[in-house]
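Let's walk through this one together, from a single side chain out to the whole fold. Have the viewer open and follow along.

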Amino acid sequence: MSSVQNRALSAADLQSFGDELDALRARQLATLGEADARYIRRVVAGVRWTGVAGRALLFLGAFVHSVLIPAWIAGVLLLAVSKILENMELAHNVIHGQYDWMGDPQLQGSTYEWDIVGTADNWRKTHNFRHHTYTNVRGLDDDIGYGLLRIFPEQRWRPFYLTQPVVAVVFALLFEWGIAIQDLRLGRWFAGKITFRQLLAQARPVGRKMGSQMFKDYLLFPALAGPFFLPVLLGNVVANLIRNVWTYVIIFCGHFTADAETFPKECVRDESRGHWYLRQLRGSSNLTGGKLMNLMSGNLSHQIEHHFYPDVPANRYAAIAVEVKAICARYGQHYNTGSLPKQFGQVMWRILRHAFPSKPGRAAARAAATAQPQVQQG
């Protein structure tokens, strides 16, 4: 359990805290320009050419048996890199509208479709709206455990959670499929709140996307290899698994470390801008690791900055983080950051510990009794 101490803010401090962070966002948006456009176009090119090289090496290994194993391994890794870059640094950020200002129809947040079995339209609802509006609010943010895992002691325990150490591994391997069906909210059907016919109608767009994605990865490209269908098919499967596990690790590290907090529904009632920033800060976690980590995580290594400024191009987060950390320090607010092994170790401990019955510690219980992050009175 976290032992972090955050300074209680007066109403004036809270207003000033929000104003400083708003001003930082405004300065960033006012200076968007060619450097940002050039960056995202390089990412697009990187996705394309690592994907082409990966698929070419898979075919080379299939047809030239003397290099089968090294070519297959290199092909899988390059294809996985392409898929990670497309999902994390390209699609996720474009779908947030970070590059709408460019006017490029291929980089518009409202129309971009990404390279997973889930639809971007569902992601815009479950992630862009629901998660970013109600970050870590119990009962409103479906990303708290994704309906499968009990990660915080404030979540009600059920016997099913005893299986979650195994469920978590399966979920990591099939993460894109979990994202695909998240907006269907299958629990409503199991509870009899909607009919099977209604569920099918809601699932139709997702089913079409699943079919087209599976056709591309598991039929079309393997079929181009002719009699060497199986090695290419296996390469596509493994590349997708690598992408799924990496995405799962990054996202879980951004939300479920030891210092991350959840909040009751009451906290969003009459929530001020300053309170909103505090909730985003206390429900998020950063990762250290430098430029490569930033790139391969889609800059979600700066999850705090992303939750503050989801519409600001993510390539700016590393520089923004310097100012955000300084602002947090001035107001006595904990800035949660750590290495990937450290943060993911905390995530795994949460998954293991809260598979069993548990209760919030005293400090967490006191915080949960407060409708909003603590503010000094008077």
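Where is the place of Q182? Q182 sits in the loop between α6 and α7 (186–190); helices here are DSSP runs of H or I with at least four residues, strands are runs of E with at least two, and both are numbered from the N terminus. Before going on, a word on ground rules: this is a predicted model, so local features need pLDDT of at least 70 and side-chain atom pairs count only at pLDDT 80 or more, while totals for chains, interfaces and linings use all residues. Residues are numbered from 1 along each chain as its sequence is written, and side-chain values use heavy atoms, with hydrogens and water left out.

Back to Q182. Its relative accessibility is 11%, so Q182 counts as buried (buried means under 20% relative accessible area, exposed over 50%, and partly exposed in between, with a 1.4 Å probe and protein chains only). The side chain of Q182 makes a polar contact with the side chain of D143, at 2.8 Å. A polar contact here is a pair of N or O atoms within 3.5 Å; within protein, one must be able to donate a hydrogen and the other to accept it, and residues adjacent in sequence count only if both atoms are side-chain atoms. Not counting residues up to four places away in sequence, Q182 touches T126, D142, D143 and Y146, where contact means heavy atoms within 4.5 Å.

Another loop residue worth a click is H255, found between α9 and α10 (273–282). H255 is buried, with a relative accessible area of 5%. Its side chain makes a polar contact with the side chain of H131, at 3.0 Å. Leave aside neighbours within four places in sequence, and H255 is in contact with H131, N136, F152, A260, G283, S285, Q303 and H307.

Now for α5, residues 164–173. Its buried residues are Q164, V167, A168, F171 and A172. They cover an arc of only 135° around the axis, which puts them on the same side of α5; that arc is the one of the directions from the helix axis to the C-beta atoms. What covers these buried residues includes α6 (175–181), α9 (229–253) and α14 (340–353).

Where do the nonpolar residues gather? As a general point, in soluble globular proteins nonpolar side chains tend to be buried together. In this model the largest nonpolar core has 47 residues, and those with the most contacts inside it are L90, W114, Y146, L149, F175, Y248 and F252. Such a core is a set of buried Ala, Val, Leu, Ile, Met, Phe, Trp, Tyr and Cys residues joined through side-chain atoms within 4.5 Å. The helices that each supply at least two residues of this core are α2 (34–63), α3 (68–95), α4 (120–133), α5, α6, α9, α11 (290–296) and α14. The helix that gives the most is α3, with seven residues.

Time to zoom out. The chain has 15 helices and two strands. Its radius of gyration is 22 Å, close to the 21 Å that the globule rule gives for 378 residues, so the chain is as compact as a globular protein of that length. (The radius is taken over C-alpha atoms, and the rule is 2.2 Å times the number of residues to the power 0.38.) Taken along the principal axes, the C-alpha atoms fill a box of roughly 75 × 50 × 40 Å. Of the 378 residues, 49% count as buried. Among contacts between residues at least 6 apart in sequence, 73% join residues at least 24 apart.

Finally, the annotations. In the model, residues 56–81 are 85% helix and 0% strand, with end C-alpha atoms 14 Å apart. Residues 218–242 are 84% helix and 0% strand, and their end C-alpha atoms are 16 Å apart.
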